[in-house]
Amino acid sequence: MAARASSRGPATKARVAIDQVSWDRIRPAQVILVSGPEQFLADRAVRQLRDQLTAEDPSLEVNDLEADHYAPGELITLASPSLFAEPRLIRVTNVEKCTDAFLTETLDYLAAPAEDTYLVLRHGGGVRGKKLLDALRAGLGSGIEVVCAELKKDTEKLEFAAAEFAAEGRRVSAGALRALVQAFQDDLAELASACQQLLADAATEITEATVEKYYSGRVETNAFKVADAAIAGRQGEALILLRHALASGADPVPIVAAFASKVRTMAKVSGARGSAGQLASQLGLAPWQIDRAKRDLQGWTDEGLGNTIDLLATTDAAVKGAERDPVYALERVVTLISQRGRPL
C-alpha cells in the first residue's frame, strides 16, 4: 500500500504515490527504487528480483552501473532494445553519490521507461539525488520502492531470524533464536549465514542446544556468558570463563562490548515501571530482555551501575591500546561487576 503523508502543518512531506514494500516483497516493475541503509537486505532483495526475472525468462540480460562513476549515455545504451529483444535488468549502485549526468539522464529516462527493461536504483541514504527520489515517489516512471531499513532492535533481528526458518518450514525454539541474535547481533549477514548453516546441517527442530553445539566458540556467546556470571556475582566462574574465552582466541574488544551491552540494558530498565511489554515498546527492547534485565538488577544499586559504566569506558580504552595489559583491564572490570559495582 502506498504511504500517505499527513496534511497537517506547514512542514508536510510530499505525498508518496507509489507502492512501498519491504525487502522480501520485491516484485518486477519498470523502475524499482531500493532505499535505506541496510545493505545486506538490499543485496538480497535485488538477488531475489533477478531470480524472479530469470525464472520468467532465462535469456534475461543483466548489466550493472555505478552512479558515482556514470558516463553520459550509458543508461540509454543499456536500455536500448537488442537484436534478440531479451529482457534487461539494469542494476545501479551508489545513487546517493550520483553524478549530475546520471541525475539528468535518469530523470529523462523515467518519463518514458524502455519496454522489457527493469531499472533498479540503489540509494543508501542522504540528500544527494533527492530530486530523483522525489520524482520517483511522486509516480514518475510508475515504479515501486523497496525499503531496506536497518534492523536496530533485537525484536527486529529475532523476527528476521524466525522468518529464515519459517521460510523453510523448520521448527526453531525461542531460546535458539535468542542465542543466535546474541551471538551475531552486530552483523545481519552473519546472522543470516548462521541461520542458513543450521537449516542445512541441523536436525528437524533447532534448539538452544543446537546453537550451542555449532557456535559455542563464537566470541559474543562466550562474552555474554562471562557477563552473565559476573552480573550474578559469581566472580570465580566469571574469571574462569573469561580466561577460557581469551585462550580460545576471543578478542578483548568485543568482550568489553558484550559487558557494556548487558549493563546498558540494565541501566535502561533500572527504575522503570510497567510490564515487560510496555517497557519493551518504550525502551526499544524485546520483552525477554526486560525480564532478564530485571533479574540481573537484583542486588544492584544506581551507584553500582554508574561505577560500572565508568569503568567500562576506561576498560574499552585500555583494550584498544591505552593500557599495556588488556587482560588485567578485563579481569579488573569483571571483578567490579561481580561485586555489583561496589568500589574495589
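This is a predicted model: local features need pLDDT of at least 70, side-chain atom pairs count only at pLDDT 80 or more; totals for chains, interfaces and linings use all residues.

Colleague: What makes strand S3 and strand S4 a pair?

Modeller: Two strands pair if there are at least two bridges between them, and 6 bridges join S3 (residues 61-66) to S4 (residues 88-93), so the two count as paired, and they run parallel. Within this pairing, the bridge partner of Leu-65 is Val-92 in S4.

Colleague: How do you know that S4 also pairs with strand S5?

Modeller: The cut-off is again at least two bridges, and S4 and S5 (residues 117-123) are linked in the parallel sense over 5 bridges, therefore they pair as well. Here Arg-88 stands opposite Thr-117 in S5.

Colleague: Why are helix H5 and helix H7 called roughly parallel?

Modeller: The axes of H5 (residues 154-166) and H7 (residues 188-201) come within 10 Å and cross at roughly 30 degrees. Because angles under 35 degrees count as roughly parallel, H5 is roughly parallel to H7. Their crossing is right-handed.

Colleague: Which residues make the contact between H5 and H7, and how many of them are nonpolar, polar or charged?

Modeller: On the H5 side they include Phe-160, Ala-161 and Phe-165, together with Lys-157 and Glu-164, while H7 contributes, among them, Leu-188, Leu-191, Cys-195 and Gln-196. The residues of this contact divide into 9 nonpolar, 1 polar and 2 charged.

Notes
Residues are numbered from 1 along each chain as its sequence is written. Side-chain values use heavy atoms; hydrogens and water are left out. Helices (H or I, at least four residues) and strands (E, at least two) are DSSP runs, numbered from the N terminus. Axes are lines fitted to C-alpha atoms, for helices over the stretch in contact, and angles run from 0 to 180 degrees between N-to-C directions. Angles under 35 degrees count as roughly parallel, over 145 as roughly antiparallel, 65 to 115 as roughly perpendicular and the rest as oblique. A crossing is left-handed if the near helix is turned anticlockwise from the far one by less than a right angle, and right-handed if clockwise. Contact means heavy atoms within 4.5 Å. Ala, Val, Leu, Ile, Met, Phe, Trp, Tyr, Cys and Pro count as nonpolar, Asp, Glu, Lys and Arg as charged, and the others, Gly among them, as polar.
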